[in-house]
Amino acid sequence: MALAVAAPTPASAQDDRPMVIARNMDLNSLDPHRAFCDTCQIYNSSVYETLVTLNAENQLVPLLAESWKANGDQTEFTFTLAADAKFSDGSPVEAKDVKWSWERLKNLKGSASFLMGNVASIETPDARTVVVKMTAPNSEFVNIASAPYTAIVNSDVAEANGAKAGPDADRKDNAEAWFLQNSAGSAPFVLERYDPNAELRLKRNDAYWRTPPAVSAIVFRQVKDAVAQAQMLESGSADIAMQIDPDTAKTLQNPDVTVKTVPSYNFIYLALSPGAKANKVPLTKEVREAFEYALDRKGIIEFTIGDEGQVITAPIPIGFPGGGGYPEPEYNPEKAKELLAKAGHPDGITLEATFPNLNAYGIDLSLLMQKVQQDMAKVGIKIELQPVQFSTWRERVNGDGIPLTAVFYAPDYFGTAQYVEYFGMTEGSPWARRAGLKDPGDFNPREAELYKKALASSGDEAAKIWHEIGLEMIKDRIIFPIVSPNLILAYRNDVKGVRYSACCNLPLAELSR
């Protein structure tokens, strides 16, 4: 069904003071089709626009597209662009820009290219119409079109500065350096300046085709430490602090500061890799099941963040289609010991645990792994902890594999398919590769079958299928979600519009004083 255009929300009076945000920026690129990180989501959605976006209730609403529709079997999607949409240089946003942008995203073969992996072709019958045909049914494609990584770029400007969208874009595109100093979007802000490891500055797009934002500029200051972020907030040198952990939040006593705690869609998980070269014993299903029973999830949450998080069982966020409502995992050390003995390890086993040495969503992964180490010792599983830099972790997990690891995940868009594609034990999935699965019998064919069925369905029917896949992923016992940490929003009292978004993290255009 086609949807009507939502009327722009009037902005409050414009404010010439910059809004300062303290954040540990994890930017890997300012090229919207190469960027892939939490800060990237904020940047992309503030400087570039997508065809659709999410409102505060996680409902799809128009942005560059005034309407859209899908055919009956979810293999063709037609978008009609808003007639008055324009880029920051005043040129119109046209269908050719959508086609070029999405083909570039796919052909750069980067981290977010998977979002366009099922697109067979993109047609542009006229300047305002985009027809996307899929290789197979995909009921989540409109949700994917809300992901900030599907940003629509001014193709004429980008091409003039070295950007390519053709099949050889991964080899011939050389625009990344240009994007570090320039932007070519249609959103409420434009890039003013980026000083790596110091500051990212955006300025208001006064020619924005809808209502311009209320603040004149947004300044991200690179601040790694939560305590330092809190001090900036209390002193007034920052308006928003984005990575305040629960312990630091308790120290905030300034009456001019607001602290809110909201559920997030992020989660921390452990993973076992049976195919890792460093394994000292085979990580059979019995051994992996023993590991599951030895995990004291509630104890881990209490040890790391107190009561500021929810137990999560399947690798699907609570609140996403098919997320939540799973059987609570059982903590049973005695059963874990029995399973280890049955697997031929009555005296226990030793596992190497390599993980990123960082704080994710307020949880210190080193602290979390110390608690896991204590839990496992009770059943005879000796854990050898090896914290490393994130770049080292990425190289190892994608190389020889890691027997046991801990890491984090945040959604790339509001949809469940991404979790099945990433965590499912299906041929070609990232975690099937990292787990070292090679033989056909190692994979879970039921997940692949249900995945196709879910993408050919929609609404409640699809949610039931996604939930069934979640149960299958639990049974794989490769991915062990631990906790979905609450998100702490900390900001000065005069700041309005601060909220957590499933697509965009922090919608900057909604901020005002």
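This is a predicted model: local features need pLDDT of at least 70, side-chain atom pairs count only at pLDDT 80 or more; totals for chains, interfaces and linings use all residues.
1. **The whole chain.** Let's begin with the overall picture. The protein contains 17 helices and 21 strands. Its radius of gyration is 23 Å, close to the 24 Å that the globule rule gives for 513 residues, so the protein is as compact as a globular protein of that length. Taken along the principal axes, the box filled by the C-alpha atoms is roughly 70 × 55 × 40 Å.

2. A quick reminder before you look at the sheets: strands of a sheet pair through backbone hydrogen bonds, either parallel or antiparallel.

3. You can follow the pairing residue by residue. E4 pairs with E5 (residues 76-81) in the antiparallel sense over 5 bridges. Ser-67 has Thr-80 of E5 as its bridge partner, and Trp-68 stands opposite Phe-79 in E5. These two strands, E4 and E5, form a hairpin with 5 residues between them. In the turn, look for Gln-74, which has a positive phi of about 60°. E5 also pairs with E7, again in the antiparallel sense, over 5 bridges. There, Phe-77 has Val-132 of E7 as its bridge partner.

4. **A sheet of 7 strands.** Another open sheet has 7 strands, in the order E8-E9-E10-E1-E11-E21-E12, and its pairing is mixed. At the edges stand E8 (189-195) and E12 (257-262); each has a single partner strand, so one side of each is left without a neighbour in the sheet. Within this sheet, E9 (residues 199-204) and E10 (residues 217-222) pair in the antiparallel sense over 5 bridges. Leu-200 stands opposite Phe-220 in E10.

5. H7 (residues 226-235) lies across E1, E10, E11 (240-241), E12 and E21 (487-492). At what angle does H7 run to E21? The angle is about 30°.

6. **Helices H9 and H11.** Now for pairs of helices. Two packed helices are described by the angle between their axes and the distance between the axes. The axes of H9 (residues 285-294) and H11 (residues 333-342) come within 8 Å and cross at roughly 165°. That makes H9 roughly antiparallel to H11, and the crossing is left-handed. Residues of H9 in the contact include Val-287, Ala-290 and Tyr-293, while those of H11 include Ala-336, Leu-339 and Leu-340. By class, this contact has 8 nonpolar, no polar and 4 charged residues.

7. **Helices H10 and H12.** Between H10 (residues 297-305) and H12 (residues 365-377), the axes come within 9 Å and cross at roughly 145°. The crossing of H10 and H12 is right-handed. In the contact, H10 contributes Gly-299, Ile-300, Phe-303 and Thr-304, and H12 contributes Leu-367, Leu-368, Lys-371, Val-372 and Asp-375. These divide into 5 nonpolar, 2 polar and 2 charged residues.

8. **Helices H16 and H17.** The last pair in these notes is H16 (residues 445-455) with H17 (residues 459-476), whose axes come within 9 Å and cross at roughly 165°. H16 and H17 are therefore roughly antiparallel to each other. Is the crossing of H16 and H17 left-handed or right-handed? The crossing is left-handed. Among the contact residues are Leu-450, Tyr-451 and Ala-454 of H16, and Ile-465, Trp-466 and Ile-469 of H17. The contact of H16 with H17 has 9 nonpolar, no polar and 6 charged residues.

Notes:
Residues are numbered from 1 along each chain as its sequence is written. Side-chain values use heavy atoms; hydrogens and water are left out. Two strands pair if DSSP finds at least two bridges between them. Helices (H or I, at least four residues) and strands (E, at least two) are DSSP runs, numbered from the N terminus. Axes are lines fitted to C-alpha atoms, for helices over the stretch in contact, and angles run from 0 to 180 degrees between N-to-C directions. Angles under 35 degrees count as roughly parallel, over 145 as roughly antiparallel, 65 to 115 as roughly perpendicular and the rest as oblique. A crossing is left-handed if the near helix is turned anticlockwise from the far one by less than a right angle, and right-handed if clockwise. Contact means heavy atoms within 4.5 Å. Ala, Val, Leu, Ile, Met, Phe, Trp, Tyr, Cys and Pro count as nonpolar, Asp, Glu, Lys and Arg as charged, and the others, Gly among them, as polar. The radius of gyration is taken over C-alpha atoms; the globule rule is 2.2 Å times the number of residues to the power 0.38.
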